[in-house]
Structures are given as C-alpha cells and as structure tokens.
Amino acid sequence: MQENSDKSLERPAAKPSAKTLRGPTGGNAQRRSNKQRSESTRSALISAARRLFVEKGYAETGTPEIVAAAQVTRGALYHHFADKADLFRATLREEARAVADHIEQETEEARSALEAMTRGADSYFAAMSVPGRVRLLLLDGPAVLGHAEMAEIDQETGGEELRQGLAYAMEKGALAPLPLEAMTSILSAAFDRAALAIAQGAPAEDYKAAIRRMLEGLLKRA
C-alpha cells in the first residue's frame, strides 16, 4: 500500500492544454485583433485617398497610387471598397460627418434659435476651412457623385443641422412659418456659396457678416 502511494505522489502533473493556455477569451481577443487590423487598413486607405484626391483630383488619382500611399495591397483595397468611386464616397462621408459633428458640438449650448443658427453658421465655416474640404464636398463630390447622392450622404452623416435649426426656430416662434424644404435649400446654397468664395480667397469676415445679418433679419431673438 505504501509503495503504491509513493508512486502516485511521483506521477507528473497533467500538462495544460492549448485551450487552457489560451484562456476563455483567446478567441475573442483574436477576433478583436482582426477587427482592429481591418479598421486600420480601411482608415489608411481613406487617409491616403483623401490626400491624393485633394492634391490631384478624383479623375487624376489612380488606385495603384492609393494602395502605394496607404502601404497596403490592391486586394486589401477591393476587400473594403468595390472600386475607386466607392472609396471616394467613403472619403466624403468622413468629411461630411466631421462637419456635422463640429456644428453639433458648437451649437448644443445655444440659448435661443438665433444663437443656435449664428453659431451653426460660424462653426460651418470653421469646419469647411480644413484644407481640401471645400474641394471634396462642394466641387468634386457633386461632380463625381451627383447632387442627389451628395444629399443622401449629408443625411446619412447627420448633416441635418440647418433643417433642424429652422424647424426649431419655427416651433419657438422665432421664424414665421415657411416651407421648410425650400428655406433649407436656399440657406444651404448661401452657406455653400460663401464657403466656396472664402476658399477662393474672398474676405472671410465679409461673407460671415453677411450670413449673420441675413439670419438676424430672418429670426427674432427668441
């Protein structure tokens, strides 16, 4: 009996399995790592494409240049995007989302409809002053994708601030009831025309002051 007991004490411990070493979250960690790599590749493609689209324009930018600048394979590009137009579309979504986010951040503490609209105008011009953004969103975007698709991108990325601001002003009695879509379209065109003029070298303060005066004429201080 003693001999058997001694032998049992000498028996080596069982080796841990690969599953034990990996731990219960090993698979999840691997999936997270793959997702992070995928997101990093997509981000690199959009960043490289943006720079080239701004420098050379959409028509003069080729996909071989984009993958070389992003330091990824051609297969990686087509894994994430159907073609160059799809990558361009994704680039514009990023730009439009950045503009919308900036406007929302700058207007969330406004105390009146007029303040919200004037802050929104100022933040729009600030967001559009980022180099290359006017070309992408106001020139090449509509030329390549068309105005209808650009409007869809605007809606997808939360670019409804102007329409929402006008609706809020009407609700609060700061703006007389008017056709909302028509007002949004007219004011949006004015903002875009001002941003284009500023980007082309026109005095920024002149256009900003004109937009503010127009808003003050439309809105009561309510």
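**Exercise 1. Is Phe191 buried or exposed?**

Solution. The model is a predicted one. Residues with under 20% relative accessible area count as buried. Phe191 has a relative accessible area of 7%, so Phe191 is buried.

**Exercise 2. Describe the overall make-up of the protein chain.**

Solution. 
Step 1: Count the elements. The protein chain contains 12 helices and 0 strands.
Step 2: Write their order. Starting at the N terminus, the elements read α-α-α-α-α-α-α-α-α-α-α-α.
Step 3: Look at burial. Of the 222 residues in the protein chain, 36% count as buried.
Step 4: Look at the contacts. Taking contacts between residues at least 6 apart in sequence, 65% join residues at least 24 apart.

**Exercise 3. Describe how helix 7 packs against helix 11.**

Solution. Two packed helices are described by the angle between their axes and the distance between the axes.
Step 1: Find distance and angle. The axes of helix 7 (residues 113-128) and helix 11 (residues 180-199) come within 10 Å, and they cross at roughly 40°.
Step 2: Classify the angle. Angles under 35 degrees count as roughly parallel, and those from 65 to 115 as roughly perpendicular. Helix 7 and helix 11 are therefore oblique to each other.
Step 3: The crossing of helix 7 with helix 11 is right-handed.
Step 4: List the residues. Helix 7 contributes Ala121, Tyr124, Phe125 and Met128 to the contact, while helix 11 contributes Phe191, Asp192, Ala194, Ala195 and Ile198.
Step 5: Sort them by class. The contact of helix 7 with helix 11 has 8 nonpolar, no polar and 1 charged residues.

**Exercise 4. Work through the aromatic pairs.**

Solution. 
Step 1: Count them. There are 6 aromatic pairs.
Step 2: Take one of them. Tyr58 and Phe88 form a tilted pair, 4.8 Å centre to centre with 55° between the planes.
Step 3: Place its members. Tyr58 sits in the loop between helix 3 (26-56) and helix 4 (63-70), and Phe88 belongs to helix 6 (residues 84-107); the two are 30 residues apart.
Step 4: Check burial. Tyr58 and Phe88 are both buried.
Step 5: Take another pair. The ring centres of Tyr124 and Phe191 are 6.0 Å apart and the planes stand at 55°, so this pair is tilted. Because Tyr124 lies in helix 7 and Phe191 in helix 11, the pair ties together parts that are 67 residues apart in sequence. Tyr124 counts as buried, at 11% relative accessibility.
Step 6: Look for a cluster. Phe53, Tyr58 and Phe88 are linked into a cluster by ring pairs.

**Exercise 5. Describe how helix 6 packs against helix 8.**

Solution. 
Step 1: Find angle and distance. Helix 6 and helix 8 (residues 133-145) pack at about 135°, and their axes are 10 Å apart.
Step 2: Classify the angle. Over 145 degrees would count as roughly antiparallel; helix 6 and helix 8 are therefore oblique to each other.
Step 3: Helix 6 and helix 8 make a left-handed crossing.
Step 4: Name contact residues. Among them are Phe88, Arg89 and Leu92 of helix 6, and Arg133, Leu136 and Leu137 of helix 8.
Step 5: Sort by class. This contact of helix 6 with helix 8 has 9 nonpolar, 1 polar and 4 charged residues.

**Exercise 6. Which residues of helix 10 are buried, and what covers them?**

Solution. 
Step 1: List the residues. In helix 10 (residues 161-171), the buried residues are Glu161, Leu162, Arg163, Gly165, Leu166 and Ala169.
Step 2: Find the cover. The elements covering the buried residues of helix 10 include helix 6, helix 7 and helix 11.
Step 3: Look past the end. Gly173 follows helix 10 and has a positive phi, near 80°.

Definitions and conventions: Residues numbered from 1 in each chain as written. Predicted model: local features only at pLDDT ≥ 70, side-chain atom pairs only at ≥ 80, totals over all residues. Heavy atoms only, no water. Axes fitted to C-alpha atoms, helices over the stretch in contact; angles between N-to-C directions. Helix = DSSP H or I, 4+ residues; strand = E, 2+ residues; numbered from the N terminus. Left-handed = near helix turned anticlockwise from the far one by under 90°. Contact = heavy atoms within 4.5 Å. Nonpolar A, V, L, I, M, F, W, Y, C, P; charged D, E, K, R; others polar. Phe/Tyr/Trp six-rings, centres within 6.5 Å; stacked < 30°, edge-to-face > 60°. Buried < 20%, exposed > 50% of the residue type's maximum accessible area, 1.4 Å probe, protein only.
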